[in-house]
Amino acid sequence: MIVGEQDTVTRTDTGLTAYNRALEPKQLARIPGGHFAPYTTEFAPASAAATAFFRDI
């Protein structure tokens with residue numbers, strides 16, 4: 001799961017609660033920015049985290 005530290009659309013604490021309740025396999029990536037940062041300013045680290053997760057499972 002990729003969680004934006006300043007997400008106000010899906011609040012950060014809600015995302016972290018969902019992650020904690022999820023079953024394995026799981027991996028958490030916390031990135032700076034808001035809800036859309038994984039697609040804009042933080043695309044490189046977000047896509048790297050997603051790629052690493054799918055390579056590892």
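This is a predicted model: local features need pLDDT of at least 70, side-chain atom pairs count only at pLDDT 80 or more; totals for chains, interfaces and linings use all residues.
G34 lies in the loop between strand β2 and helix α2 (43-56), where helices (H or I, at least four residues) and strands (E, at least two) are DSSP runs, numbered from the N terminus. With a relative accessible area of 25%, G34 is partly exposed; on this scale buried means under 20% relative accessible area, exposed means over 50%, and partly exposed is in between (1.4 Å probe, protein chains only). Leaving aside its neighbours within four places in sequence, G34 is in contact with G4, Q6 and D7, contact meaning heavy atoms within 4.5 Å. T51, by comparison, is 17 residues from G34 along the chain, and the C-alpha atoms of the two are separated by 21 Å.

Residues are numbered from 1 along each chain as its sequence is written, and side-chain values use heavy atoms, with hydrogens and water left out.

Stepping back to the whole protein, the secondary structure consists of two helices and two strands, and along the sequence these follow the pattern β-α-β-α. The radius of gyration is 11 Å, close to the 10 Å that the globule rule gives for 57 residues, so the protein is as compact as a globular protein of that length; this radius is taken over C-alpha atoms, and the rule is 2.2 Å times the number of residues to the power 0.38. Taken along the principal axes, the C-alpha atoms fill a box of roughly 30 × 25 × 10 Å. Of the 57 residues, 25% count as buried, and among the contacts with a separation of 6 or more, 58% come from residues 24 or more positions apart.

Side chains of opposite charge can pair when their charged atoms come close. A salt bridge is a side-chain nitrogen of Lys or Arg within 4 Å of a carboxyl oxygen of Asp or Glu, and by this rule the count comes to two.

One of these salt bridges joins the side chains of E5 and R30, at 2.7 Å from N to O. This pair links distant parts of the chain, since E5 is in the loop between β1 (2-4) and α1 (12-21) and R30 is in strand β2 (residues 29-31), 25 residues apart. E5 is partly exposed at 32% relative accessible area, and R30 also counts as partly exposed, at 46%. In the salt bridge between D13 and R11, the closest N and O atoms are 2.9 Å apart; D13 is partly exposed at 41% relative accessibility, as is R11 at 48%.

Two prolines complete the tour. P25 lies in the loop between α1 and β2, and the peptide bond from E24 to P25 is cis, with omega near 0 degrees, although most peptide bonds are trans. P45 lies in helix α2 and is partly exposed at 39% relative accessibility. P45 and R30 are 15 residues apart in sequence and 9.5 Å apart in space, C-alpha to C-alpha.
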